[in-house]
Amino acid sequence: MLTRKMRHLDSPVPDSTPDQRILAAIRALPCGQVASYGTIARRAGVPGRARLVARLLARNADPGLPWHRVLRADGRIAFPPDSDGFREQCRRLQAEGVVVQRGRVRLPAAEDDLDAALWRPR
DNA sequence: AGTATGACTCATC
DNA sequence: AGATGAGCCATAC
């Protein structure tokens, strides 16, 4: 039986939903590396949908998902500074060696995949 | 159908 | 660097 929804052509595009690709993009973040909601959205093929990323994280129940590596575009933690989420995220990041000061992390200057991957300071 | 609400982002000041 | 307002998109009422 073929899929119920016929594809226009049998396109080689991954048969995945934006949600799945976003989760994949987050899971693809290496330990100690961070990215903004917007960057995750872009990497997942849904540019401009940072809020979708945020919504997914808010609902996520998977304890293995490295949600703490996702920050706002300015490098700040998205939770209110006095919240449990904030503290937990800080703790997890620092446990990975990420420098967090005043709730802020220095994001890779060029959030491009290439630069972020190659420019990583030792 | 209209309004409010976010783990958002960007331009501007 | 902080504040503000507009844009944005999916859900919830």
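This is a predicted model: local features need pLDDT of at least 70, side-chain atom pairs count only at pLDDT 80 or more; totals for chains, interfaces and linings use all residues.

Me: Is His68 buried or exposed?

Reply: The cut-off for buried is under 20% relative accessible area. His68 has a relative accessibility of 6%, so His68 counts as buried.

Me: Which residue's side chain is joined to that of His68 by a polar contact?

Reply: Leave aside the neighbours within four places in sequence. His68 is then in contact with Gln89, Arg92, Leu93 and Glu96. A polar contact of 2.8 Å links the His68 side chain to that of one of these, Glu96.

Me: Where do the buried residues of helix 3 fall, seen down its axis?

Reply: The buried residues of helix 3 are Leu52, Val53, Leu56 and Leu57. Seen down the helix axis, they fall within an arc of 135°, so they line one face. An α-helix has 3.6 residues a turn, so residues three or four places apart point the same way. The arc for helix 3 is 135°.

Me: What do the buried residues of helix 3 pack against?

Reply: Leu52, Val53, Leu56 and Leu57 make up the buried set. Turned away from that side are the exposed residues Arg51, Ala58 and Arg59. The buried set packs against helix 1 (18-27), helix 2 (37-43) and strand 2 (70-71).

Me: Which helix gives the largest share of the surface near DNA strand C?

Reply: The residues around DNA strand C are Arg49, Arg51, Arg55, Arg59, Arg76 and Arg104. The largest share, three residues, comes from helix 3 (residues 50-59).

Me: How far is the Arg51 side chain's polar atom from a base oxygen of DNA strand C?

Reply: Take the phosphate side to begin with. A polar side-chain atom of Arg59 lies 2.9 Å from a phosphate oxygen of DNA strand C. For an N or O atom in the Arg104 side chain, the distance to a phosphate oxygen is 2.5 Å. From Arg51, a polar side-chain atom reaches a base oxygen at 3.2 Å.

Me: How far apart in space are Ser36 and Arg69, C-alpha to C-alpha?

Reply: Ser36 lies in strand 1 (residues 35-36). With a relative accessible area of 5%, Ser36 is buried. In sequence, Ser36 and Arg69 are 33 residues apart. In space, their C-alpha atoms are separated by 8.3 Å.

Definitions and conventions: Residues are numbered from 1 along each chain as its sequence is written. Chains are lettered from A and ligands numbered from 1 in the order in which they are written. Side-chain values use heavy atoms; hydrogens and water are left out. A residue is near a molecule or strand if one of its heavy atoms lies within 4 Å of it. A polar contact is a pair of N or O atoms within 3.5 Å; within protein, one must be able to donate a hydrogen and the other to accept it, and residues adjacent in sequence count only if both atoms are side-chain atoms. Helices (H or I, at least four residues) and strands (E, at least two) are DSSP runs, numbered from the N terminus. Buried means under 20% relative accessible area, exposed over 50%, partly exposed in between (1.4 Å probe, protein chains only). The arc is that of the directions from the helix axis to the C-beta atoms. Contact means heavy atoms within 4.5 Å.
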